[in-house]
Amino acid sequence: MTATGLPEREGPARRSWLREHSELGVCVLLLALGALVLTDALTMDVEIAQRGPIGPRTVPVAVGIGLLVVAVLLAVDVLRGGRGEAEGGEDIDLSEPADWRTVLLLAGVFLATAVLIEPLGFPVTGALLFWGSAYALGSRHLDRDPLIAAVLSVVTYEVFDNLLGVPLPGGPLMGVL
């Protein structure tokens with residue numbers, strides 16, 4: 001063993017150590033995310049008048065520091081032998097493989113929404129998002145689901161745009177809604 005606890009030789013022993021400490025990947029992800037949030041918060045261009053001791057950078061800096069602290073604490077716990085428990089619920093069969101078809105369909109729906117929201121607007125892309133998500137998750141009511149998705153999308157658009165004052169892109173339906 002080296003000073004870091006890694007086996008000295010390459011091969012099966014090293015792969016076994018990495019497999020047993022796979023939670024370190026989460027630590028790396030949290031560390032990178034914390035660094036990204038802190039960098040973004042500290043380089044934020046703040047040109048508004050601040051009315052008190054707390055400005056727009058306070059919460060992102062606190063979140064970034066929190067992410068870094070959690071990453072370090074989790075890494076220490078994992079290296080000391082801590083392990084996360086496998087999820088065990090009555091509706092989850094851990095012996096079954098992941099349903100990659102559903103994951104890829106949902107990822108495609110979200111990606112399509114991100115690409116199409118500017119040219120088509122939220123009412124259209126929101127309806128595609130809601131219907132596509134329902135389809136990916138197993139609903140096969142092709143007569144009912146698109147109608148529910150369209151109503152849900154238009155209601156969501158109206159609530160955000162008119163009631164909350166959060167402007168969403170209207171797209172070609174801007175003059176109609």
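Visitor: How do you know that the span of helix α2 agrees with its number of residues?
Guide: In this predicted model, helix α2 runs over residues 24-42, and because its 19 residues at 1.5 Å a residue should span 27 Å, the 27 Å between its end C-alpha atoms agrees with that expectation.

Visitor: What makes the buried residues of α2 line one face of the helix?
Guide: The buried residues of α2 are L24, C27, L30, G34, L38 and A41. Seen down the axis of α2, these buried residues fall within an arc of 110°, and therefore they line one face of the helix. On the other side of α2, V28, L29, L36 and D40 are exposed.

Visitor: Why is E23 called buried?
Guide: E23, which is found in the loop between α1 and α2, has a relative accessibility of 17%, and because buried means under 20%, E23 counts as buried. Leaving aside residues up to four places away in sequence, E23 touches L74, V78, R83 and G84.

Visitor: What makes R140 a charge over the ring of Y135?
Guide: R140 lies over the face of Y135 at 3.9 Å from the ring centre, and the distance cut-off for such a placement is within 6 Å.

Visitor: Where in the protein is confidence lowest, and where is it highest?
Guide: Confidence is lowest in helix α1, residues 12-20, at a mean of 68, and highest in helix α5, residues 122-136, at 95. The protein averages a pLDDT of 84, with 81% of the residues scoring at least 70.

Technical notes: Residues are numbered from 1 along each chain as its sequence is written. This is a predicted model: local features need pLDDT of at least 70, side-chain atom pairs count only at pLDDT 80 or more; totals for chains, interfaces and linings use all residues. Side-chain values use heavy atoms; hydrogens and water are left out. Helices (H or I, at least four residues) and strands (E, at least two) are DSSP runs, numbered from the N terminus. The expected span of a helix is 1.5 Å times one less than its number of residues. Buried means under 20% relative accessible area, exposed over 50%, partly exposed in between (1.4 Å probe, protein chains only). The arc is that of the directions from the helix axis to the C-beta atoms. A charge sits over a ring if NZ of Lys or CZ of Arg is within 6 Å of the ring centre and within 35 degrees of the ring normal. pLDDT is the predictor's confidence in each residue, from 0 to 100. Contact means heavy atoms within 4.5 Å.
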